[in-house]
Amino acid sequence: MGHTATPEAHSSGLTATEHRLANGLRVVLSEDHLTPVAAVCLWYDVGSRHEVKGRTGLAHLFEHLMFQGSGSVKGNGHFELVQGAGGSLNGTTSFERTNYFETMPAHQVELALWLEADRMGSLLDALDQESLDNQRDVVKNERRQRYDNVPYGTAFERLTALAYPDGHPYHHTPIGSMADLDAASLEDARAFFRTYYAPGNAVLAVVGDIDPEQTLVWVEKYFGSIPAHDGKPAPRDGSLPDVMGGQLREVIEEDVPSRALMAAYRLPEDGTRAGDAADLALTALGGGESSRLHNRLVRRDRTAVTAGFGLLRLAGAPSLGWLDVKASSGVELSAIETAVDEELARFAAEGPTPEEMERAQAQLEREWLDRLATVNGRADELCRFAVLFGDPQLALTAVQRVLSITAEEVREVAAARLRPDNRAVLVYEPTGGGQQDDQDHTEDEEEGEL
């Protein structure tokens, strides 16, 4: 077992050590005795970007199958054992990874490690046609509930398909299509598991009230005997030009509560200074009730009931800046779009004010520190930076990188990217008699929380 350690604290006294098993599994430990709990988080380097046309949704489907039993744990036993021990658990799928996580009383960490190792090493012993059909139906119902049968539910899927061209690995969302879910065979599922659910394609983080030496003994005991497998194909290239080169637009007439303007802007990849600058730009423009767009559209003009800007961070393709505005009753979307373009142009010319810059950095700093302060949040970030950027230690210095961004960098990325010729636009026009809704519709890239 190889070993590297961080000799000094990076963020609020936090440290992490990294280890590697002979079969390729990377292990990251972060000791924290503040509370008697610990988080076990396992990231597999597989998401919807690894899928091929005609077999979309397999990564998300497999996330569900991982809770349907393994060689030593039958049926719903994973949930029953963790919850019976006083813990909580879940899993999610995104474009770029699938993760599984348990938060346990500190004295039950061994149980969580054994459970994760058992399904990594023996899930195929339990995977049969009945469990595949059962979870296929669960995922299809999830699609109906979260996408097809809710107001604005397909907006994220539609914008993704516009922003990333046909054939691009990010063109489809993790939920997949009904037709592809129906087409998935048992052999498709088994081949997918053999390809991607291998020790060398995973990072395991254990964070909290742990004894690192004992934890490593357990990790080696339960994971060390799982055979290595290196047959994973390289992910398809997700690179694209910095700007779309024109405005892509779709008008949707549906029974939604109000008119809506949604847009996706192509932004720099995650893990770059420009990506952090873009996050600060979107925070200043649309991150909360003190933002420029909220002040202009909701407070001043009163043309909208909600106005927000968020960032979908992606490492293997351009990130997306997500604009979401719900119109006030009777307001035409052309007036809102004109106001949005005016604010973006002014921001691109002048950049953020010192007050906006300070507020945006403070907001992102707080969000980062909140994530790192919890054992499950820190475990997730350590896994994320290890899988996507090769170095879990980067999670502990993320705050400093955000705070080092200058106002000019923020202005530059806004001027280069937040332009009318670099966005995909959805225009929602209501067809029914629904009442005005002042609730924001938040969308992200994750699927499959159980």
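Is Tyr152 buried or exposed? Select Tyr152 in your viewer and you will find that this residue is buried, with a relative accessible area of 4%, where buried means under 20% relative accessible area, exposed means over 50%, and partly exposed lies in between, as found with a 1.4 Å probe on protein chains only.

Before going on, keep in mind that this is a predicted model, in which local features need pLDDT of at least 70 and side-chain atom pairs count only at pLDDT 80 or more, while totals for chains, interfaces and linings use all residues. Residues are numbered from 1 along each chain as its sequence is written, and side-chain values use heavy atoms, with hydrogens and water left out.

**Stop 1: two residues with positive phi**

Stay with Tyr152, which sits in the loop between helix 4 and helix 5 (155–163); helices (H or I, at least four residues) and strands (E, at least two) are DSSP runs, numbered from the N terminus. Although Tyr152 is not a glycine, it has a positive phi of about 60°. Now select Arg302, which also is not a glycine and has a positive phi of about 60°, and which is placed in the loop between helix 10 (292–300) and strand 10 (304–312). Arg302 is exposed, with a relative accessible area of 65%.

**Stop 2: helix 1 and its cover**

Next, select residues 58–65, which form helix 1: 8 of its 8 residues are buried, so this helix is largely enclosed by the rest of the structure. Among these buried residues are Leu58, His60, Phe62 and Glu63. To see what covers them, display strand 5 (88–93), strand 6 (98–105), helix 3, helix 4 (129–148) and helix 7, which are included in that cover.

**Stop 3**

Move on to Asn76, in the loop between helix 1 and helix 2, which is partly exposed at a relative accessible area of 39%. If you draw a line from the C-alpha of Asn76 to that of Arg419, it spans 49 Å, and the two residues are 343 residues apart in sequence. Then select helix 2 (residues 77–84), whose buried residues are Gly77, His78, Phe79 and Val82, and whose cover over those buried residues includes strand 5, strand 6 and helix 3. Just after helix 2, Gly86 takes a positive phi of about 90°.

**Stop 4: helix 3 against helix 7**

Two packed helices are described by the angle between their axes and the distance between the axes. Axes here are lines fitted to C-alpha atoms, for helices over the stretch in contact, and angles run from 0 to 180 degrees between N-to-C directions. Select helix 3 (residues 109–126) together with helix 7 (residues 186–196), which pack at an angle of about 155° with their axes 10 Å apart. Helix 3 and helix 7 are therefore roughly antiparallel to each other, since angles under 35 degrees count as roughly parallel, over 145 as roughly antiparallel, 65 to 115 as roughly perpendicular and the rest as oblique. Their contact, meaning heavy atoms within 4.5 Å, is made by Arg119, Met120, Leu123 and Leu124 of helix 3 and by Arg190, Phe193 and Arg194 of helix 7.

**Stop 5: helix 9 against helix 15**

For another pair, select helix 9 (residues 273–286) and helix 15 (residues 407–417), which pack at an angle of about 85° with their axes 8 Å apart. Helix 9 and helix 15 are therefore roughly perpendicular to each other. The residues making this contact include Arg273, Ala277 and Ala281 of helix 9 and Glu409 and Val413 of helix 15.

**Stop 6: Arg143 in helix 4**

Return to helix 4 and select Arg143, which lies in it and counts as buried at 9% relative accessibility. Leaving aside its neighbours within four places in sequence, Arg143 is in contact with Asp148, Glu157, Ile175, Gly176 and Met178.

**Stop 7: a pair of cysteines**

Finally, look for disulfides, a disulfide being a pair of cysteine sulfur atoms within 2.5 Å; the structure holds 0 of them. Select Cys41, which is in no disulfide, and whose nearest cysteine sulfur, that of Cys383, is 3.8 Å away. Cys41 is buried, with a relative accessible area of 2%, and Cys383 counts as buried at 0% relative accessibility.
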